[in-house]
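Here are some exercises, each with a worked solution. Keep the model open in your viewer and try each task before reading on.

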Amino acid sequence: MALARIVLKPGVDKQNTEYGAEGGWIDSDYVRFRYGLPEKIGGWTPFSQEEQYLVGMVSEIYTWNSLNGSPYMIIGTNRKLYALNGSLLGDVTPIRRTATGVTFDTVDTLTTVTVNDTAHGCIVGDFVTFSSVTGNPGGITNASLTGEFEVQTVPNANEYTIVSPAAATSTATAAGTANASYQINVGTAVSTLDYGWGVGSWGASTWGTPRPASSSVSLDSRVWQFDNFGEDVVCQLVNGGIYLFNTSAGVVARATAIAGAPTKSTYAVVSTPDRHLVCFGTESTIGTPSTQDPMFVRFSNQEDINSFIESATNTAGGQRLTDGNHIVSAVRSRGQILIWTDSALHAMQYIGPPYTFGFQQLGSNCGLIGPHASADVNGVSFWMGKDAFFMFDGTVKKLACTVQDYVFKDLNVVQNAKVNIGVNTQFNEVTWWYCSYTADYIDRYVTFNYLENVWSIGSMARTAWTDIGTFSTPTAAEYFPNSTAAPMSTINGLTPGRSLIYSQETGKNGNGAAITAYVKSGYFDIGDGDQMLFMKRFIPDFKNQEGNLTVHLLLRPYPQATASPSSLDPYVIAPNTQKVDTRARGRQISLRIESNEVDTNWRFGTLRVDIQPDGLR
């Protein structure tokens, strides 16, 4: 019988049944659609030649060039802030407090050391660096207590414990002295639904003991947000403080709090070309965190990020928005800043004195799911809402999504703050990474090709992504919650949780390992499915194939029946395979193309099959 061409529509369709999606694709992983055809995505390699593990879960990566053209990257995790220039990686986490004359309590033969420092302000997991240690407390040498330590427990407001690399040889109280530098309090990697039982770290204090007044409990996982002010970088902790990384000081200098700026804001963006620092969801009284208004917008004086108090002689000011409960995020777009609340979209435009900025509402019932769930691509913005995807090109539009139910019915809404978007302009894609219903960490992605209007899905886990620009490939982060790999510098008592930074779209493998990529079609039949069919053979059609692929044919007699493989399944396709004999019999047939070996690459073409009516044996 003559060969027949089976043309499959691009994109993954999970809104229909597997039979209703006949003529299309119903599942994929590590596959994109380009020019209407599925292909395996590019691989990834460590950004640095040597794997440099970062402490904590990365929530944002930002890249830029200094005024002399040198490439930089700043990386925010729930526990640290890092900056990279060339091959030099530095810990630039801000310091919140310094102290002198702290002392140590030791117990003979134990490595647990109690540190005495009045009103230390620590929480479990914080980092402290000791210097100028004297006295060899409890027989532990001064050198062993010099360096960076993670806080293990916090019994009260004046004491906390660390783990020494050497055990004490005697019991001592208030022994030795040291200077201490405390980094800003760490954030959590897992969001919690509410205050109450189970919130906070187990063992943070003792039963029946009131928690220190300085203790804090974070509902959402920690998120950083970055933007340039000249060559320097504004570093905003979402629902926290705002800091400045001074590029000219290099990656050995820590970021510092911006004097005169609000001390608690939801988000921050530098407006262009007028150059105001705009804080969203911020304080009505600057410097008083308790006055944070989640719907208030405050902007600095022009060209002056240290001046937020409005006067007759500057352009500082503020405005409260009305539609929504809280501002979630903001993005610079064409001629304006777009502001998302949990329920609406607003625009902020520079109009000059006396009002400086004008505000208008652009849409309702189109709120944003998380602070990093929106992006602007050449003046068109895309974002993920709580139950749909949207775009704004002058008008708010809900995107027709063929995987909408698949995404939103399997979404862990408690972890919404982790949702992050990545733009991949090389392939005209925006991708959202999110946590599935039972996952506390990102384990899924959904990709929209905005030129071809097609969707794909998969399981690649990335907690942050930045597009090409400063660097020649996209850059992304993966989190390993149980990793104890050594970080860039020694931290005593360091608990698990590390991240790696990758150069994406590089090579064919995933950090040296095989990528299991596949795409699966809907079921097709003869006529209206009223006949059995016999597929005698098919002709492979792949472009740029490297390595062997596997094709599976899944058969079933009725839509509700359990699928079973054909008798000769699986079919291995080498680059030189000309035809494949199948002897596949069923009322409906589905095609699955898969590669799971190193150094494979492929792009699917057109399926040609030898099919004829048949009967049951």
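Two strands pair if DSSP finds at least two bridges between them, and strands themselves are DSSP runs of E with at least two residues, numbered from the N terminus. The model is predicted, so local features need pLDDT of at least 70 and side-chain atom pairs count only at pLDDT 80 or more, while totals for chains, interfaces and linings use all residues. Residues are numbered from 1 along each chain as its sequence is written, and side-chain values use heavy atoms, with hydrogens and water left out.

**Exercise 1. Work out the strand order of the open sheet of four strands, and name its edges.**

Step 1: the order reads 26-27-28-29, and the pairing is antiparallel.
Step 2: strand 26 (327-333) and strand 29 (356-364) are the edges, since each pairs on one side only.
Step 3: on average, neighbouring strands here are turned by 25° against each other, direction ignored; the axes behind this angle are lines fitted to C-alpha atoms, and angles run from 0 to 180 degrees between N-to-C directions.
Step 4: look inside the sheet, where strand 27 (residues 336-341) and strand 28 (residues 344-352) pair over four bridges in the antiparallel sense. Leu 338 stands opposite Ala 347 in strand 28.

**Exercise 2. Find the bridge partner of Asp 27 in strand 42, and decide how enclosed strand 2 is.**

Step 1: strand 2 pairs with strand 42 (residues 517-521) in the antiparallel sense, over four bridges.
Step 2: within strand 42, Lys 520 is the bridge partner of Asp 27.
Step 3: apply the burial cut-offs: buried means under 20% relative accessible area, exposed over 50%, partly exposed in between (1.4 Å probe, protein chains only).
Step 4: five of the five residues of strand 2 (residues 25-29) are buried, so this strand is largely enclosed by the rest of the structure.

**Exercise 3. Classify the ring pair Tyr 350 and Phe 357, then that of Phe 542 and Trp 602.**

Step 1: rings of Phe, Tyr and Trp (its six-membered ring) pair if their centres lie within 6.5 Å; planes under 30 degrees apart count as stacked, over 60 as edge-to-face and the rest as tilted. The whole structure has 28 aromatic pairs.
Step 2: Tyr 350 and Phe 357 have ring centres 5.7 Å apart and planes at 70°, so they are edge-to-face. Tyr 350 is partly exposed at 37% relative accessible area, whereas Phe 357 is buried at 5%.
Step 3: Phe 542 and Trp 602 are also edge-to-face, because their planes stand at 85° with the centres 6.3 Å apart.
Step 4: Phe 542 belongs to strand 44 (residues 542-546) and Trp 602 to strand 50 (residues 601-604), so the pair ties together parts that are 60 residues apart in sequence. Both Phe 542 and Trp 602 are buried.
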